[in-house]
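Here is a short briefing on one protein model. Look at the sequence and the structure first, then read on.

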Amino acid sequence: LALENRKSPQAPQYLFKILDCEGEGTITMFSLNFYFRAVQEELSRHGQDVVDMKDLINEVFDMVKPEKEGRITLKDLIRCSQGDIIVSILIDVNGFWMYENREALVAAENINNRP
């Protein structure tokens with residue numbers, strides 16, 4: 001239910017507990033690497049280009065801008081207002097694909113909406 005309603009106020013709290021695989025109240029580079037590895041494997045199985053893990057981790061930290069470098073807290077995730085996108089990138093192959101191709105999807109939508 002939380003995955004279907006990622007934008008609800010309760011979803012980040014629930015999903016954060018899952019993403020905090022070290023149980024320290026933070027999402028670290030280890031956690032990001034752990035979860036995104038499964039997304040990468042699935043992308044590879046479907047013949048999609050694999051994204052450099054370091055680039056993805058840097059992008060996530062740039063999106064969140066955590067108070068403490070290298071550690072994302074629940075407060076950071078909520079404050080950045082992109083928690084739903086970050087969760088999608090990390091645990092959902094389709095969510096990652098949509099994020100990675102967002103510019104092309106917007107361009108295609110604009111072309112389709114022309115009179």
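This is a predicted model: local features need pLDDT of at least 70, side-chain atom pairs count only at pLDDT 80 or more; totals for chains, interfaces and linings use all residues.

Residues are numbered from 1 along each chain as its sequence is written, and side-chain values use heavy atoms, without hydrogens or water.

**Overall fold**
- The protein chain has 7 helices and 2 strands (DSSP runs: H or I of at least four residues for helices, E of at least two for strands).
- Along the sequence, their pattern is α-β-α-α-β-α-α-α-α.
- Of the 115 residues, 37% count as buried (under 20% relative accessible area).

**Helices H5 and H6**
- H5 (residues 83-91) and H6 (residues 93-100) pack at about 115 degrees, with their axes 6 Å apart (axes are lines fitted to C-alpha atoms over the stretch in contact, and angles run from 0 to 180 degrees between N-to-C directions).
- Ile85, Ser88, Ile89 and Ile91 in H5 meet Val93, Gly95, Phe96 and Tyr99 in H6 (contact means heavy atoms within 4.5 Å).

**Aromatic rings**
- The structure holds 3 aromatic pairs (ring centres within 6.5 Å).
- Phe30 and Phe34 are stacked, at 6.3 Å centre to centre and 20 degrees between the planes (stacked means under 30 degrees).
- Both lie in helix H2 (residues 29-45), 4 residues apart.
- Ring pairs link Phe30, Phe34 and Tyr35 into a cluster.

How values were computed:
Rings of Phe, Tyr and Trp (its six-membered ring) pair if their centres lie within 6.5 Å; planes under 30 degrees apart count as stacked, over 60 as edge-to-face and the rest as tilted. Buried means under 20% relative accessible area, exposed over 50%, partly exposed in between (1.4 Å probe, protein chains only).
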